[in-house]
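This report describes the fold of one protein chain and then turns to a few of its residues. Please keep the sequence and the structure in view while reading.

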Amino acid sequence: MSEELIYEVKGHIAYLTLNRPKALNSISHELDLELAVRWKEIDENPDIWVAVLGAAGDRAFCAGADISGGTEADASRLALGGGLTGIGGPLYKLRKPLVAAVHGYALGGGFELAMCADIIVAADDTKFGLPETKAGIIGECGVVHRAIRQLPHRIALALILTGERLGAEDALRFGLVNQVVRLDELGSAATAWAEKLCAASPLAVQAAKDAVLSRRDMPLDIALSTKYELIEAYANSKDVREGRAAFEEKRLPAWTGS
C-alpha cells in the first residue's frame with residue numbers, strides 16, 4: 001500500500017488518515033484504490049467495530065478529486081466516484097459506523113466523503129463547500145444529492161448554486177455535524193465518539209444502521225412493515241444473551257461481536 005493513506009487498527013477502531021497534505025489531501029488514483037480496499041477490509045474484519053476517517057496537515061480534510069493526473073486519475077473513482085459515494089460506479093455501503101474528523105477545507109468530493117460518515121466532528125476552522133459552479137464546471141457529482149438530503153433545502157441550494165462555503169458553527173446549527181471542537185481537540189473528540197459506539201453491541205449498531213439507512217427514503221408504513229435481515233440474525237447472537245445477562249447482573253456488558 002502507498003503512503004498516501006495511513007491505516008492502523010487500535011482495539012476495535014480502524015483509523016484512516018488521508019496523507020497528501022501538500023495536495024490538500026485530494027484523492028489521487030492510488031489513494032482512491034487504497035480507500036476502496038480498506039473499506040471492504042473494515043467490513044470483513046469482525047474485530048473492527050468502528051472506523052474513523054481523518055486527514056493529515058492543518059489546511060484541509062480533502063479538496064476532492066486530484067485532477068492533475070489526467071485520464072489515469074479518472075479511471076477508477078472507487079472512493080469518490082463509486083465506493084462510498086456511488087457516482088461513476090456501484091455504491092459501497094459501509095456496514096460499520098464511520099466517524100469523520102474534518103478540518104480546514106472540505107470541498108467538492110471531500111465534502112461528499114465527509115457526508116458519507118455517520119458522525120461528523122468538525123474543527124472550528126472547517127469550511128464545507130461546493131466550488132463547481134464558481135469554477136464554471138458541473139458533473140454528476142454526488143455531493144449535491146447528499147447535500148440536499150442532509151441540509152435544509154435552501155441552505156443546500158445556496159451552497160450548490162453559489163459556490164459559497166459553510167463554516168463549522170453554521171454546519172452545527174443546521175445539523176450537518178455532531179460537534180465542533182478546536183483543531184487540537186479533533187483527534188481526541190473523534191476517538192471519543194468511536195469509543196461511545198464501541199460501548200454498544202457492535203452487531204446491534206450494524207443492524208440499526210442498516211435498518212435506518214435502507215428504508216430512510218421509504219414511506220413510514222413500508223419501513224415499519226419490513227423485516228430486516230441483520231436484526232433477525234442479531235436476535236440469535238451471543239451479544240443478545242450477554243446484554244440480558246449484564247442487565248440482570250447489573251454490570252457492563254462484554255461484547256464479542258458474535
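How far is the sulfur of Cys-116 from the closest cysteine sulfur? The closest cysteine sulfur belongs to Cys-62 and lies 11 Å away, which is too far for a bond. A disulfide is a pair of cysteine sulfur atoms within 2.5 Å, and the structure holds zero of them.

The model is a predicted one, in which local features need pLDDT of at least 70 and side-chain atom pairs count only at pLDDT 80 or more, while totals for chains, interfaces and linings use all residues. Residues are numbered from 1 along each chain as its sequence is written, and side-chain values use heavy atoms, with hydrogens and water left out.

## Overall form

The secondary structure of the protein chain consists of ten helices and ten strands; helices (H or I, at least four residues) and strands (E, at least two) are DSSP runs, numbered from the N terminus. The protein chain has a radius of gyration of 19 Å, close to the 18 Å that the globule rule gives for 258 residues, so it is as compact as a globular protein of that length. Here the radius of gyration is taken over C-alpha atoms, and the globule rule is 2.2 Å times the number of residues to the power 0.38. The C-alpha trace spans about 60 × 45 × 35 Å along its principal axes.

Of the 258 residues in the protein chain, 48% are buried. Buried means under 20% relative accessible area, exposed over 50%, and partly exposed in between (1.4 Å probe, protein chains only). Contact means heavy atoms within 4.5 Å. Among contacts between residues at least 6 apart in sequence, 66% join residues at least 24 apart.

## The two sheets

Strands of a sheet pair through backbone hydrogen bonds, either parallel or antiparallel. In this model, two strands are said to pair if DSSP finds at least two bridges between them.

Tyr-7 stands opposite Leu-16 in β2. The two strands form a hairpin with two residues between them, and Gly-11 in the turn has a positive phi of about 65°. Strands β3 (residues 50-55) and β5 (residues 98-102) run parallel and are joined by three bridges; the bridge partner of Ala-51 in β5 is Leu-98.

A further open sheet contains four strands in the order β4-β6-β8-β9, and its pairing is also mixed. The edge strands here are β4 (60-62) and β9 (165-167), each pairing on one side only. Strand β4 and strand β6 (residues 105-107) run parallel, joined by two bridges, and Ala-60 stands opposite Tyr-105 in β6.

Helix α3 (residues 142-150) has the buried residues Gly-142, Val-143, Val-144, Arg-146 and Ala-147. What covers them includes α2 (109-115) and α4 (153-162).

In helix α10 (residues 238-248), the buried residues are Asp-239, Val-240, Glu-242, Ala-245 and Ala-246. They pack against α7 (202-214) and α9 (229-234). Lys-250, which follows α10, has a positive phi near 55°.

## Selected buried residues

| Residue | Relative accessible area |
|---|---|
| Arg-20 | 16% |
| Ser-26 | 6% |
| Cys-116 | 15% |
| Cys-198 | 16% |

Arg-20 is found in the loop between β2 (13-18) and α1 (29-44), and Ser-26 is found in the loop between β2 and α1. A polar contact is a pair of N or O atoms within 3.5 Å; within protein, one must be able to donate a hydrogen and the other to accept it, and residues adjacent in sequence count only if both atoms are side-chain atoms. The side chains of Arg-20 and Asp-66 are joined by a polar contact of 3.1 Å. Not counting residues up to four places away in sequence, Arg-20 touches several residues, among them Glu-4, Ser-26, Leu-31 and Asp-66.

A polar atom of the side chain of Ser-26 lies 3.0 Å from the backbone oxygen of Ala-23. Leaving aside neighbours within four places in sequence, the contacts of Ser-26 include Arg-20, Leu-31, Cys-62 and Asp-66.
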